[in-house]
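Hi,

Here is the structure I promised to pass on. Have a look at it first, and then read my notes below.

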Amino acid sequence: MTQTSISFLKGHGTENDFVIVPDPDNAIELPATAVAKLCDRRAGIGADGVLHVVRSAAHPDAAHMADEAEWFMDYRNGDGSVAEMCGNGVRVFARYLQHAGHVEAGDLAVATRGGVKRVHLDKAGDVTVSMGRARFPEGEVTVSVGEHSWAARNVNMGNPHAVAFVDSLDDAGNLYTPPPYSPASAYPTGVNVEFVVDRGPRHVAMRVHERGSGETRSCGTGACAVAVAAIRRDGADPAATGEPVTYTVDVLGGTLLITEHPDGQIDMTGPAVIVAAGEFDPAWLTETAFA
């Protein structure tokens, strides 16, 4: 039978917004060009990325995780490229599963290309994601905007980040294009770049350029990278103190709470909202994808 329409939803986590495409059996083809058109804010639906909702057993990238997590977040950046993880995306993905009746409030597991993520859906509205541990690749990194350069902390949260502490968020410039970084070998597949200022004790604010999407209103893995970079800068490493540490991270679209535990596990808590639902003609998708 020819499919006459494709269902979608829109959701956001601290204004990092996504087109959600439910596809349990992995039957919908979403080439990069189609994803980019869906995310186009003038010619498409508009979003920072696409959450392709697939049962893990039905997707070759996730079948090996099917015993741990029924659902796979096949995440795509706004330009159509594949990403390992998206922290805000996981929260919205989990909220969609609840919205669709697939899960109830409480604990669940979500498969991603960055591994299985543990999620807690709070009845009050917040969603907490266990984001795993941060890695700190060796080597010095520098990021630049115009004639200004800053030393950056290289943090990997399943995807790569360069975290630079600056005097003002205006120092980040317009973030339309990726800020230059060096050495190029530090990030062979590109990098998310965060510019960070202090707001108070254990409280920072950030702007971010997400690879493949440009500046976004929020970045969950970026907020985690920023928090752990600030924790190391401030000498509050939980592995050394034996006590968990929570930082408040303000993003353009709201606020996230990031907690690092003594074992290195990082929790991210914040809102996730489903705002709309609709349908589009698959013929439109094919036509616009290859126009």
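N26 is partly exposed, at 24% relative accessible area. Do keep in mind that this is a predicted model.

T14 is another one to look at. You'll find T14 in the loop between β1 (6–13) and β2 (16–22). T14 isn't a glycine, yet its phi is positive, at about 45 degrees. Is T14 buried or exposed? With 2% relative accessibility, T14 counts as buried, the cut-off being under 20%.

While you're on the backbone, check the peptide bond from S182 to P183: that bond is cis, and its omega is near -5 degrees. P183 belongs to the loop between β11 (181–182) and β12 (192–200).

Now to helix α1, which covers residues 32–39. Its buried residues are A34, V35, L38 and C39. Looking down the axis of α1, you see these buried residues fall within an arc of 130 degrees, so they line one face of the helix.

The loop between α1 and β3 (49–55) holds I45, which is partly exposed at 25% relative accessibility. Which residues does I45 touch, if those up to four places away in sequence are not counted? The list is F8, K10, V19, K37, L38, D40 and F280. For I45 and F8, 37 residues apart along the chain, the C-alpha atoms are separated by 9.6 Å. L38, one of the buried residues of α1, is among the residues that I45 touches.

On to the interior. As a general point, nonpolar side chains in soluble globular proteins tend to be buried together. Here the largest nonpolar core has 54 residues, and M73, M206 and I258 are those with the most contacts inside it. Helix α3 (residues 220–233) gives the largest share of this core, nine residues. There's also a second, separate core of 17 residues, with A162, V191, F195 and A205 among them.

M206 is worth a click. Leaving aside neighbours within four places in sequence, M206 is in contact with L169, E194, F195, V196, C219, G222, A223, V226, V249, D250, V251 and L252. So that list for M206 includes F195, a residue of the second core.

How many cavities of 30 Å³ or more does the structure hold? There is one, and about 70 Å³ of space lies in the largest cavity. Its lining is made up of 13 residues, and N77, M85, N159, N192 and E210 lie nearest the centre. Both β4 (71–77) and α3 supply at least two residues each to that lining. Sorted by class, the lining has five nonpolar, six polar and two charged residues.

Last, the second largest pocket, with a volume of about 160 Å³. A36, C39, D40, R41, R42, A47, D48, G78 and S213 line this pocket, and they divide into three nonpolar, two polar and four charged.

Cheers

Terms used: Residues are numbered from 1 along each chain as its sequence is written. This is a predicted model: local features need pLDDT of at least 70, side-chain atom pairs count only at pLDDT 80 or more; totals for chains, interfaces and linings use all residues. Side-chain values use heavy atoms; hydrogens and water are left out. Buried means under 20% relative accessible area, exposed over 50%, partly exposed in between (1.4 Å probe, protein chains only). Helices (H or I, at least four residues) and strands (E, at least two) are DSSP runs, numbered from the N terminus. The arc is that of the directions from the helix axis to the C-beta atoms. A nonpolar core is a set of buried Ala, Val, Leu, Ile, Met, Phe, Trp, Tyr and Cys residues joined through side-chain atoms within 4.5 Å. Contact means heavy atoms within 4.5 Å. On a 1 Å grid over the protein atoms alone, a cavity is a set of points where a 1.4 Å probe fits but cannot get out, and a pocket is an open set with protein on both sides within 12 Å along at least five of seven lines; lining residues have an atom within 4 Å of a point. Grid points are joined across faces, edges and corners, and a volume is the space filled by probe spheres set on the points. Ala, Val, Leu, Ile, Met, Phe, Trp, Tyr, Cys and Pro count as nonpolar, Asp, Glu, Lys and Arg as charged, and the others, Gly among them, as polar.
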